Amino acid sequence: TKGMKHTRNSSKEQAESHPVHCPYFPVDKEEGWWVFIADRKTGEMITQPKYVAGLKDDLEVILKFQAPDTVGHHKYNVILKSDCYIACEKEVLLKMFVEKEMKTKGMKQWYQRRVRGDQRIEGQ
């Protein structure tokens, strides 16, 4: 898995945000942001979007995802989008290199049990 981090330097539990001018919105609105990882080449979202309440303070956001199956260089975009402002987003290129697959003994045993269990159910 791979993660992106931003650290919150506030002692408050709840994030502070800025009020947004939106006269036709039925209630008071504060800015909110969505952060996620996407593959612009295929149009796929690699992680589910995570909501960030405000950007007044530093904030840590961890985005975990499974590394690609293919060995080699891969490029993704970490995207921060506003839920209030039109066309307001920030993208950062995320480059990674996937080396050869490493199988652990525990994972191999789990997979073998799972395969044997599936075959047993199909045979019944």
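A residue is called buried when its relative accessible area is under 20%, exposed when it is over 50%, and partly exposed in between (1.4 Å probe, protein chains only). By this scale tyrosine 51, at 41% relative accessibility, is partly exposed. The structure described here is a predicted model, in which local features need pLDDT of at least 70 and side-chain atom pairs count only at pLDDT 80 or more, while totals for chains, interfaces and linings use all residues. Residues are numbered from 1 along each chain as its sequence is written, and side-chain values use heavy atoms, with hydrogens and water left out.

The protein contains 1 helix and 5 strands, where helices (H or I, at least four residues) and strands (E, at least two) are DSSP runs numbered from the N terminus. Read from that end, the order of elements is β-β-β-β-β-α. Of the 124 residues, 25% are buried. The protein exposes about 10200 Å², with carbon and sulfur atoms supplying 51% of this area; accessible areas come from the Shrake-Rupley method with a 1.4 Å probe, and for residues only the protein chains shown count as cover. Contacts (heavy atoms within 4.5 Å) can also be sorted by sequence separation: among those between residues at least 6 apart, 56% join residues at least 24 apart.

Next come the strand pairings, for which DSSP must find at least two bridges between two strands. E1 and E4 pair in the antiparallel sense over 6 bridges, and valine 35 stands opposite leucine 80 in E4. E4 is also joined to E5, again antiparallel, by 10 bridges; here histidine 73 faces phenylalanine 97 in E5. E4 and E5 form a hairpin with 6 residues between them, and alanine 87 in the turn has a positive phi of about 60°.

A nonpolar core is a set of buried Ala, Val, Leu, Ile, Met, Phe, Trp, Tyr and Cys residues joined through side-chain atoms within 4.5 Å. The largest such core has 13 residues, of which Val35, Ile37, Val52, Val61, Phe65, Tyr76 and Leu94 touch the most other members. At least two core residues come from each of strand E1 (33-39), strand E4 (72-82) and strand E5 (89-98). Leaving aside residues up to four places away in sequence, tyrosine 76 touches Ile37, Ala38, Asp39, Ile46, Phe65, Pro68, Val92, Leu93, Leu94 and Met96.

Aromatic rings were then examined. Rings of Phe, Tyr and Trp (its six-membered ring) pair if their centres lie within 6.5 Å, and planes under 30 degrees apart count as stacked, over 60 as edge-to-face and the rest as tilted. This rule gives 3 aromatic pairs. One of them is the edge-to-face pair of tryptophan 34 and tyrosine 51, at 5.0 Å centre to centre and 65° between the planes. It links tryptophan 34 in strand E1 with tyrosine 51 in strand E3 (residues 50-52), 17 residues apart. Tryptophan 34 is partly exposed at 34% relative accessibility. Phenylalanine 65 and tyrosine 76 form another edge-to-face pair, with 5.8 Å between centres and 75° between planes. Phenylalanine 65 lies in the loop between E3 and E4, 11 residues from tyrosine 76 in strand E4, and both residues are buried.

Finally, with a disulfide taken as a pair of cysteine sulfur atoms within 2.5 Å, the count is 0 disulfides. Cysteine 22 is partly exposed at 25% relative accessible area, and cysteine 84 is partly exposed at 24%.
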